[in-house]
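Me: Please go through this model with me and say what each label rests on. I would like the value set against its definition every time.

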Amino acid sequence: QYSFKEVFGTLVAQRELFDVVAKPLVEDLIRGKNGLLFTYGVTGSGKTHTMTGSPGDGGLLPRCLAMIFNSIGPFQAKRFVFKLDDKNGVDVQSEVEALLERQRREALPTPKTPAGKRQLDPEFADMIAVQDRCRAEEVDEDNVYGVFVSYIEIYNNYIYDLLEEAPCDSIKPKWNNCNTPVRNGDFVPPQSKILREDQNHNMYVTGCTEVEVKSTEEAFEVFWRGQKKRRIANTQLNRESSRSHSVFIIKLAQAPLDADGDNVLQDKEQITLSQLSLVDLAGSERTNRTKAEGNRLREAGNINQSLMTLRTCIEVLRENQLYGTNKMVPYRDSKLTHLFKNYFDGEGKVRMIVCVNPKAEDYEESLQVMRFAEMTQEVEVARPQDRPLCGLTPGRRLRNQAFREELSRKLELRGGPVGAGPEEPSAAELFFQSFPPLPSCELLDINDDQTLPKLIEALEQRHKMRQMLAEEFAKNVLAFKTMLQEFDSNVASKENYIQGKLAEKEKTITGQRTELERLEKKIKTLEYKIEILEKTATIYEEEKRNLQQELESKSQKLQRQASDKRRLEARLQGMVAETSLKWEKECERRVAAKQLEMQNKLWVKDEKLKQLKAIVTEPRAERPERPSREREREKPLPRSVSPSPAPSAPVAPLRARRSRSAGERWVD
């Protein structure tokens with residue numbers, strides 16, 4: 001049994017898989033953070049299908065592209081406003097420079113067809129026809145965006161550009177028995193690319209083709225053009241087996257608008273460049289099952305070696321984090337791990353999709369894949385830092401659009417049709433209308449003495465009014481100058497006051513900044529100590545568990561030994577009791593036999609003494625006659641009285657015989 005964050009069945013839809021796995025990575029990409037998504041599994045388990053999809057049901061890659069352009073579509077910069085350099089950086093150009101670049105590109109001999117008029121390839125048109133309009137929720141509308149895509153593959157531990165326009169043959173050159181390529185004059189092999197490190201210590205592929213795209217269709221067309229160059233082959237386990245690791249990189253450049261919300265801010269430091277890498281790993285395979293030979297065998301060896309290096313790097317990272325060690329992670333052993341070193345060091349979020357084939361023949365390989373995938377979940381990747389703020393007022397784009405709409409509306413009102421209404425008089429016209437009107441100056445008669453006096457009177461009134469206005473204007477100018485001087489003095493005093501306050505604030509800010517730096521260093525030191533203590537506590541807890549287990553096993557062993565000892569003591573006590581009882585009976589029997597033997601001996605001695613006494617006390621004169629031999633033979637020998645029979649059968653006859661022999665010897 002293995003545990004994972006999410007498990008999908010065989011009938012899961014591509015939309016559900018995208019929402020759970022890839023959608024958070026696209027949202028982080030738009031926020032300016034990096035992401036890595038790769039599919040892992042044995043050969044023929046459906047990794048390429050998961051990433052690309054099928055006609056009518058696009059996979060993760062076309063859905064990621066669709067979500068990106070659905071989110072930033074109205075906020076895209078014009079083509080060539082963002083320009084990538086050769087050192088994994090990006091520059092921003094003005095509208096004029098971008099226009100000149102577009103005109104220069106259009107003047108080339110083979111101009112590209114505009115994206116709006118391009119006919120889609122029917123081979124992949126159904127894959128990008130995503131019906132659901134998925135988009136990110138948090139999109140900064142005060143930024144402009146540019147999307148760049150590139151497509152590479154790692155074949156036999158070499159990196160190749162799948163978008164390179166150099167003429168190359170998809171069929172690899174033949175290899176002879178000495179494992180060296182056969183020279184072919186017509187064949188121009190593609191040049192492998194080199195990995196380098198930029199000024200931010202991020203790895204990138206030098207000389208890789210990066211295409212700026214403006215729509216989902218254009219981006220997927222670039223991907224499909226590179227997909228046709230990818231190396232695949234027919235094996236015993238998969239009709240179209242991937243023989244290389246493919247990496248589709250989506251770079252999103254974004255820069256804020258200026259304070260007016262009209263043009264891009266010409267500051268390279270404010271540009272944010274984030275990337276999302278979609279990796280389709282080649283499947284691990286066993287040569288005894290694929291029956292690979294020649295090039296296929298060499299490819300399988302390189303594939304398994306790169307996957308083994310990936311597994312080794314993950315294991316070393318896990319060991320360093322669990323036990324607090326500082327072992328060197330072997331990123332450079334493979335181009336695959338070397339390229340994505342920054343992600344494992346904390347430069348972005350990493351997601352892995354494990355594809356499992358339910359075939360019984362893949363059981364052992366699937367177990368190894370799931371065991372490795374479960375172990376990778378224990379590796380912790382540092383969270384990337386948020387990008388700095390530009391400090392401009394938010395909502396600049398919307399205010400600029402509202403201002404333009406209002407300006408166009410005002411211009412339309414002022415530039416309406418003639419005769420639509422009376423025009424408003426200007427300020428100069430109103431000023432001249434305040435003067436008294438001039439009388440008629442036409443002299444019809446030489447004797448006319450009224451016209452000139454009236455004209456002189458009107459001119460004098462106008463002259464007086466003009467002098468009054470000039471005096472009032474001079475007074476107003478003087479008052480205005482006085483007000484300006486007062487205002488200047490007030491401004492100067494306020495500036496001095498503000499500068500003093502600013503100096504004080506700057507000193508306070510400097511002190512607070514120094515204090516913040518000291519606290520940050522202290523926090524980092526404490527975090528480092530806490531991390532070391534946590535790792536030490538983890539080690540001690542593990543040792544404690546091991547010691548407890550060892551103590552429990554030894555206590556169980558001692559209990560078993562004590563129970564065995566008790567059983568042995570009880571057995572020995574039983575044997576001792578039985579043996580003692582047996583020897584007690586034997587001793588009693590021997591004592592009884594010895595007593596009987598001694599009694600017989602005493603009886604024999606008594607008899608002998610009695611006979612001896614009788615011989616001694618018998619008178620010597622009377623000597624018995626010696627009977628003849630016939631009479632002695634006929635006369636039975638006198639027998640002594642035998643004692644009572646002994647309880648032991650074998651001993652009694654022996655003692656009787658001895659008594660008889662003694663009596664016979666006495667008679668003789």
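**Labels and their grounds**

Me: What makes Arg-63 and Asp-57 a salt bridge?
Reply: The side chains of Arg-63 and Asp-57 come to 3.3 Å, N to O. A salt bridge is a side-chain nitrogen of Lys or Arg within 4 Å of a carboxyl oxygen of Asp or Glu, so the pair qualifies. This is a predicted model, in which local features need pLDDT of at least 70 and side-chain atom pairs count only at pLDDT 80 or more, while totals for chains, interfaces and linings use all residues. Residues are numbered from 1 along each chain as its sequence is written, and side-chain values use heavy atoms, with hydrogens and water left out.

Me: Why is Arg-63 called buried?
Reply: Its relative accessible area is 10%. Buried means under 20%, exposed over 50%, and partly exposed in between (1.4 Å probe, protein chains only), so Arg-63 is buried. Asp-57, at 29%, counts as partly exposed.

Me: How many salt bridges does the structure hold, and what makes Arg-31 and Glu-138 one of them?
Reply: The structure holds 26 salt bridges. In the pair of Arg-31 and Glu-138, the closest N and O atoms are 3.6 Å apart. This pair links distant parts of the chain: Arg-31 is in the loop between helix H1 (14-30) and E1, Glu-138 is in the loop between helix H4 (95-106) and E6, and 107 residues separate them. Helices (H or I, at least four residues) and strands (E, at least two) are DSSP runs, numbered from the N terminus.

Me: Which residues are linked with Arg-31 and Glu-138 in a network of salt bridges?
Reply: Glu-27, Asp-28 and Lys-349 are linked with them. Arg-31 is partly exposed at 32% relative accessibility, whereas Glu-138 is exposed at 57%.

Me: How do you know that Glu-515 and Arg-518 meet in a salt bridge, and where do they lie?
Reply: Their N to O distance is 2.2 Å. Both residues lie in helix H13 (residues 451-617), three residues apart, about one turn of the helix. Glu-515 is partly exposed, with a relative accessible area of 35%, and Arg-518 is partly exposed at 44%.

Me: What makes strand E14 largely enclosed?
Reply: Eight of the nine residues of E14 (residues 272-280) are buried, so the rest of the structure largely encloses this strand.

Me: How do you know which strands E14 pairs with?
Reply: Two strands pair if DSSP finds at least two bridges between them. Five bridges join E14 to strand E1 (residues 35-41), and these run parallel. Nine bridges join E14 to strand E13 (residues 245-256) in the antiparallel sense. Gly-35 stands opposite Leu-276 in E14, and Ala-253 has Leu-273 in E14 as its bridge partner.

Me: What makes strands E6 and E7 a pair?
Reply: Four bridges join E6 (residues 143-155) and E7 (residues 158-161) in the antiparallel sense. Ile-154 has Ile-159 in E7 as its bridge partner. The hairpin of E6 and E7 has two residues between the strands, and Asn-156 takes a positive phi near 55 degrees there.

Me: How do you know that the span of helix H5 agrees with what it should be?
Reply: The expected span is 1.5 Å times one less than the number of residues. For the 12 residues of H5 (residues 216-227) it should be 16 Å, and the end C-alpha atoms are 16 Å apart, which agrees. Helix H3 (residues 60-72), with 13 residues, reaches 19 Å from its first C-alpha to its last, close to the 18 Å expected.

Me: Why are H5 and H3 called mostly covered?
Reply: In H5, nine of its 12 residues are buried, among them Phe-220, Phe-223 and Trp-224. In H3, 13 of its 13 residues are buried.
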